[in-house]
Amino acid sequence: MSELTTDADREDLRAGARAVLSAKATDEQNRTAIASEAGYDVALWAQLASELGLHSMVFPEEHGGSGFGFVELGVVLSEMGRALLPGPFFTSVVLAGSALVVSGDDEARASYLPGIADGSTVATLAVQEADGAWRHDGFDSEAVHEGGRWSLTGEKSLVPFGTVASLIVVAATTADGPSLFAVEAGAAGLTSEALTTLDITRPLARLRFSRTPAVLIGVTGQAPAILDAVLDRATAALAAEQVGAARACLEMAVAYAKDRSQFGRQIGSFQAIKHKCADMFARIQIAEAAAVEAARAVDGLEDAPPVGVAAAVAHSVCSEAFMFAAAENIQVHGGIGFTWEHPAHLYFRRAKASQLMFGGPGVYHERLLQRMGV
Amino acid sequence: MNDIETFTAEVRAFLDANAQRFPGGEAHLAWGKGDDHTGYFSDDTAEVEAAKFAAARSWQRTRYEGGFGWITGPSSYGGRELSPVHDLVYDLLEAEYDVPDTGVISLIGLGMIGPTILAHGQQAIKDRYLPAMYRGDAIACQLFSEPAAGSDLAGVTTKAVQDGDVWRLTGQKVWTSVAHQAQLGMALCRTNPDVPKHKGITAFLVDLASPGVEIRPLRQMNGGAEFNEVFLTDVVVPDDHRLGEIDGGWRVALTTLMNERASVGGENEGALARVLSDGFLASLLHETGHGADPAARRRLAEITADLTAADYLNRQTVRRLVGGAEPGPEASVSKMMWAQNLTRVAHLAAELVGPRLTADTGAWGTYSWTELLLGSPAFRILGGTEEILKNILGERVLGLPKEPVAP
């Protein structure tokens, strides 16, 4: 199959998302949202879900979705990255949403996807534990089946939006292997604790479960397979967000290089600055190509590369391009770029946190070789 | 069948009739098979080089007679008047066959100078030289750079003075690839020293057999001698060999240079096709005993990610062009990344091979990496230095202010 939408459709989608975000997710508005109790703009969240229908894009139509692909979702995520929108879109729709979609569990999908799709449910995915490693099996958290019910005990860490999520998809060990469970906020024995975070736009929490009631998603032992597929989708989606954010850094740097004068010249006329910007541009072009190809691979387009390879390439290249652009943007700005008031550090923080989200450079490079059979 | 499918079938029939197909995809490129070469430049002896040029010209003639000598060219000169996409389709299909590498005649002569002659040449010149070039009879080279005009190409000082119906050319050109095998040279000359430098240049097509042309091969750091110094001493060039207007040579040169950046970085022929083929670097990792070495694996993965992403960018560019889009800034980005990535590959290979890179022990896939390594410094110079490419991206794409220039 080929793309569901034309280039022109996707440009319309981009323009629509950009119009809303440039009006409602400015640096100042984002900072207000971050300081609020939820940590994001709840009204904007609802508007993006209901008016623009962004949350439901990649879900199956029978569960409230509109059946678009990651190629289209990537356009939206890229705009969210550009605005550095605080909020659980990636967490709820991509991480938790993909786990439910991939699980093949129709009952779980019917129970949870419509709420995620209309924005009324904020879902998260709890995989990491005390050591912070992203893994697909070997969890210390344990679920037991007693009297016809599952209950879950253990500690999860670095859970995105863990204190505000109403639905938590948890990976835990069972007698029949690693499995995924759904836990609702407020369940017995569940406590959550917000952590101080590097990336202040994406809060993280520690969750403790003590004989907490849980619902099995799919069948036992299925977690590694589901999480493998979730990782491909998540890294492909994150790549789009990283590219959008990296472009914002480049635009900021270029604007400043034209605006700022020293030695009687615009600093952008000096090769030292111009070449930094050119390097950022080149790496972002390559990163965007990788992000687009990963999205095409997730969507199973006919001439796309294998999804495991494309997603791993995109995660590596886009993580590094964003980190590079975020760091170089600060250098182009000089002292002003190092201030709390300037948005540059928010991108820098997001860049490093995104790069480390699924294990970091050592892990993702080895993953790429394994996906290529090396 | 659409137009591309019909064309594909036609190309396939031509290739099947005239060449041997490699068995099984990229199998002929696998580790340990065939010629042990990794280089972009050759360091062939004169006899081997002459044989390669003869083979390249002969295969170009076969292509021309089969109707594939100039796929994008006008039919009046043996062309097919098809799109760059058809050209690309042809290249991709031909890569599956064991045919002579024609890079030496096609990259500069047919890829860059032919289109320039077509766009700016006078009628008699087009009629006389274009069919000869695309039939493989005449090889053309650039007479652009000079000792004092490299990146600042518009500073050329080779003089052309009008003398009735002819021009007299005097000066020195340098870094002219394949000049020693060429019959024609496209020269940029100073025709007016009293105007801003871009406005006083005229382009000419020079018959290299003319009296006063002296070509001296320059030996490159890799040991080969593919480029030359060309000395022009009172060389007579008829006015009908002028390309474009008098003093309008800079526009003519831009046509040539645009075709250059589009060709470098897009395709990898010859030994580079093997180096960059699927799994070849992984074979290097394993064959050199580094399959379980985490540091080596990390470096290979970093380079593989960047090479693969650059490949994705090239594929997307092709898809956009097929869809009718105009070429964007991808060419400069691709060329820059091509140079950087290949340089990294050369140094990674050297590290993996280890001390056996330093002497030819006869082991397959070891000393041969010196070819890539010793060619690598040129990658970031040829086809526009990295610094100039970054200026282009900074100024023309990002809109940053220009460098201050000397008055």
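**Contacts between chains and domains**

Tutor: In this predicted model, 29 residues of chain A are in contact with 31 residues of chain B. Local features need pLDDT of at least 70 and side-chain atom pairs count only at pLDDT 80 or more, while totals for chains, interfaces and linings use all residues. Residues are numbered from 1 along each chain as its sequence is written, with chains lettered from A and ligands numbered from 1 in the order in which they are written.

Student: What makes two residues count as in contact?
Tutor: Their C-beta atoms, placed from the backbone, lie within 7 Å.

Student: Which element of chain A supplies the largest share of the side that touches chain B?
Tutor: Helix 8 of chain A, with twelve residues. A helix is a DSSP run of H or I with at least four residues, a strand a run of E with at least two, both numbered from the N terminus.

Student: How many residues of that side of chain A are called nonpolar?
Tutor: There are 16 nonpolar residues, beside eight polar and five charged. Ala, Val, Leu, Ile, Met, Phe, Trp, Tyr, Cys and Pro count as nonpolar, Asp, Glu, Lys and Arg as charged, and the others, Gly among them, as polar.

Student: Why is 140-247 of chain B called domain 2?
Tutor: Domain bounds come from an automatic or database domain assignment, and the one for chain B gives domain 2 as 140-247.
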